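Q: I would like to learn how to read a structure like this one. Can we go through it feature by feature?

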Amino acid sequence: MRKINRSRHFRLYLLFTGLFISSLVVSNLIIQKFFYWYPFPSEINIAGVRLFELSVGILPYPITFLVTDVVSEIYGKKKASEMILAGIFASIFSLVIIFVSLEMPILPESPISNELFSKVFAASPLAIVGSMTAYFLAQTLDINLYHFLKRITKGRYLWLRNNTSTIISQFVDTSVIMVLFAAFGILEDWSLVLGFIMSGFLFKVIVAIVDTPIIYLIVFSYRRRYSLGNQQIIEF
């Protein structure tokens with residue numbers, strides 16, 4: 001086994017954590033813009049449910065599940081859990097900053113009016129609360145299911161634990177967050193909830209399948225370079 005440079009791996013872990021936190025926080029800040037999933041027309045619906053309409057907040061969000069699976073595989077469950085706690089702290093801190101910013105008196109010369117600023121960011125605290133609730137449930141499920149599958153398969157079938165844990169946890173995440181958004185008034189029409197759940201879940205399933213080769217590339221590179229077995233992790 002190659003000698004492991006622990007300080008180097010700590011720096012790599014910090015990079016994974018930075019990618020995770022930035023993806024999580026920005027997904028909450030941009031959540032109020034909605035779009036239709038090109039190239040599908042927005043008019044498509046099944047049984048009266050409009051599909052392929054999503055919030056732009058969904059774009060960076062699947063990255064968080066990709067990163068937690070990679071960190072779980074390479075650094076273990078404990079480090080993945082610590083990263084999630086860091087994400088919760090960062091989101092709560094961003095919530096505080098938004099509250100303070102909304103209360104600051106505005107200059108007449110400000111290029112953005114107080115009304116416009118409030119319209120963009122006033123719903124963010126509710127979005128963050130809803131997102132954090134769904135995120136905590138989904139990420140906890142993702143990590144525990146991932147390691148359960150890793151244990152019973154003795155470290156084999158990376159594709160199975162990655163896709164199974166991500167797809168199930170993403171369904172929980174999408175369902176919880178859309179129901180809470182409707183309850184908080186971010187979605188003004190409850191009839192839109194089912195469509196957003198179906199569209200969001202379909203998008204996340206496709207992303208989970210597409211990112212499987214990326215996980216294999218990263219994990220295989222680590223295992224080969226440091227002669228790690230299927231059950232071994234890097235500790236620092």
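**Overall layout**

A: Read along the sequence, the pattern is α-β-β-β-β-α-α-α-α-α-α-α. The secondary structure comes to 8 helices and 4 strands. Helices (H or I, at least four residues) and strands (E, at least two) are DSSP runs, numbered from the N terminus. This is a predicted model, where local features need pLDDT of at least 70 and side-chain atom pairs count only at pLDDT 80 or more, while totals for chains, interfaces and linings use all residues. Residues are numbered from 1 along each chain as its sequence is written, and side-chain values use heavy atoms, with hydrogens and water left out.

Q: How many residues are in the protein, and what percentage of them is buried?

A: Start with the cut-offs. Buried means under 20% relative accessible area, exposed over 50%, and partly exposed in between (1.4 Å probe, protein chains only). Here, buried residues make up 45% of the 236 residues.

Q: What is the accessible surface of the protein, and what share belongs to carbon and sulfur atoms?

A: Accessible areas come from the Shrake-Rupley method with a 1.4 Å probe; for residues, only the protein chains shown count as cover. The accessible surface of the protein comes to about 12,500 Å². Carbon and sulfur atoms hold 70% of that surface.

Q: How do I read contacts, and which residues is S91 in contact with?

A: Contact means heavy atoms within 4.5 Å. Take the whole protein to begin with. Among contacts with a separation of 6 or more, 76% are between residues 24 or more positions apart. Now the single residue. S91 is in helix α3 (residues 77–103). S91 counts as buried because its relative accessibility is 1%. Leaving aside neighbours within four places in sequence, S91 is in contact with L24, V25, N28, I128 and M132.

Q: How are aromatic pairs described, and how many are there?

A: A pair of aromatic rings is described by the distance of the centres and the angle of the planes. Rings of Phe, Tyr and Trp (its six-membered ring) pair if their centres lie within 6.5 Å; planes under 30 degrees apart count as stacked, over 60 as edge-to-face and the rest as tilted. By this rule the count is 5 aromatic pairs. One of them is Y75 with Y222, an edge-to-face pair at 6.4 Å centre to centre, with 75° between the planes. Y75 lies in helix α2 (residues 61–75) and Y222 in helix α8 (residues 212–226), so the pair ties together parts that are 147 residues apart in sequence. Y75 is buried at 3% relative accessibility. Y222 is buried too, at 12%.

Q: Which pair is stacked, and where does it lie?

A: F89 and F93 form a stacked pair, 6.5 Å centre to centre and with 15° between the planes. Both lie in helix α3, 4 residues apart, about one turn of the helix. F89 is exposed, with a relative accessible area of 60%.

Q: Which residues form an aromatic cluster, and which charged end sits over a ring?

A: Y13, Y75 and Y222 form one aromatic cluster. For charges, the rule is this: NZ of Lys or CZ of Arg within 6 Å of the ring centre and within 35 degrees of the ring normal. The charged end of K79 sits over the ring of Y13, 5.8 Å from its centre.

Q: What is a salt bridge, and how many are there?

A: A salt bridge is a side-chain nitrogen of Lys or Arg within 4 Å of a carboxyl oxygen of Asp or Glu. By this rule the count is 5 salt bridges. K150 forms one with E73, the closest N and O atoms being 3.6 Å apart. K150 lies in helix α5 (residues 124–152) and E73 in helix α2, so the pair ties together parts that are 77 residues apart in sequence. Both K150 and E73 are buried.

Q: Which residues are linked in the network of salt bridges?

A: The network links E73, K150, R161 and R223. R161 forms a salt bridge with E73, with the closest N and O atoms 3.0 Å apart. That pair links distant parts of the chain: R161 is in helix α6 (residues 158–184) and E73 in helix α2, 88 residues apart. R161 counts as buried at 1% relative accessibility.
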